[in-house]
Amino acid sequence: MADASGEDVQERLKSALWFAIGKMVDDESLRRNMNATPQFIGALTELVWTQIENVAIDLETFSHHAGRTTVTTDDVLLLARRNSDLQFVIKDCVDKLKAAKVREKTRAGKKK
């Protein structure tokens, strides 16, 4: 089987995004007893795709500026700096994950 080109992968991702957004819009439309056109779903997909591309570029730039090749939670928190509510939610989630990791290490250490 031949390797998929970058454009092919991008098109497959965009199609998956279109499908997911279409499903969300359809669910919400049914719940509200409204209709959404395929053009609306397409336009919303393009908007979300463009936002994802911008976020990816920003995260890569932050990581590169810090001298890293990997995006970290610090980069994500920096990206969310202009939305304090979002930044709080992300920071809270990261803190909970770190605390759970510490608890796991503590439990593993006690079992030995």
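Residues are numbered from 1 along each chain as its sequence is written, and side-chain values use heavy atoms, with hydrogens and water left out. In this predicted model, local features need pLDDT of at least 70 and side-chain atom pairs count only at pLDDT 80 or more, while totals for chains, interfaces and linings use all residues.

Helix H1 spans residues 6-32, and helix H2 spans residues 38-65. Helices are DSSP runs (H or I, at least four residues), numbered from the N terminus. Two packed helices are described by the angle between their axes and the distance between the axes. H1 and H2 pack at an angle of about 125°, with their axes 9 Å apart. Axes here are lines fitted to C-alpha atoms over the stretch in contact, and angles run from 0 to 180 degrees between N-to-C directions. The angle makes H1 oblique to H2. Oblique is what remains once angles under 35 degrees (roughly parallel), over 145 (roughly antiparallel) and 65 to 115 (roughly perpendicular) are set aside. H1 passes H2 in a right-handed crossing, meaning that the near helix is turned clockwise from the far one by less than a right angle.

Contact means heavy atoms within 4.5 Å. On the H1 side, the contact with H2 includes Gln10, Leu13, Lys14, Leu17 and Trp18. On the H2 side, Phe40, Ile41, Thr45, Glu46 and Trp49 are among the residues involved. The residues of this contact divide into 11 nonpolar, 4 polar and 4 charged. Nonpolar covers Ala, Val, Leu, Ile, Met, Phe, Trp, Tyr, Cys and Pro; charged covers Asp, Glu, Lys and Arg; the others, Gly among them, are polar.

Lys14 lies in H1. Lys14 is buried, with a relative accessible area of 19%. Buried means under 20% relative accessible area, exposed over 50%, and partly exposed in between (1.4 Å probe, protein chains only). Leaving aside residues up to four places away in sequence, Lys14 touches Thr45, Glu46 and Trp49. With that same exclusion, Trp49 touches Gln10, Leu13, Lys14 and Leu17.

Trp49 also belongs to the largest nonpolar core, 5 residues in all, together with Leu17, Ile21, Val25 and Ile41. Such a core is a set of buried Ala, Val, Leu, Ile, Met, Phe, Trp, Tyr and Cys residues joined through side-chain atoms within 4.5 Å. H1 and H2 each supply at least two residues of this core. H1 gives the most, with 3 residues.

Asn33 is found in the loop between H1 and H2. Asn33 is exposed, at 72% relative accessible area. Its phi is near 55°, a positive value in a residue other than glycine.

Phe62 sits in H2 and counts as buried, at 18% relative accessibility. Phe62 and Val76 are 14 residues apart in sequence and 8.9 Å apart in space, C-alpha to C-alpha. Beyond four places in sequence, Phe62 touches Arg68, Asp75, Leu78, Leu79 and Arg81. Arg68 occupies the loop between H2 and helix H3 (73-79). Arg68 is partly exposed, with a relative accessible area of 29%. Not counting residues up to four places away in sequence, Arg68 touches Phe62, Ser63 and Asp75.
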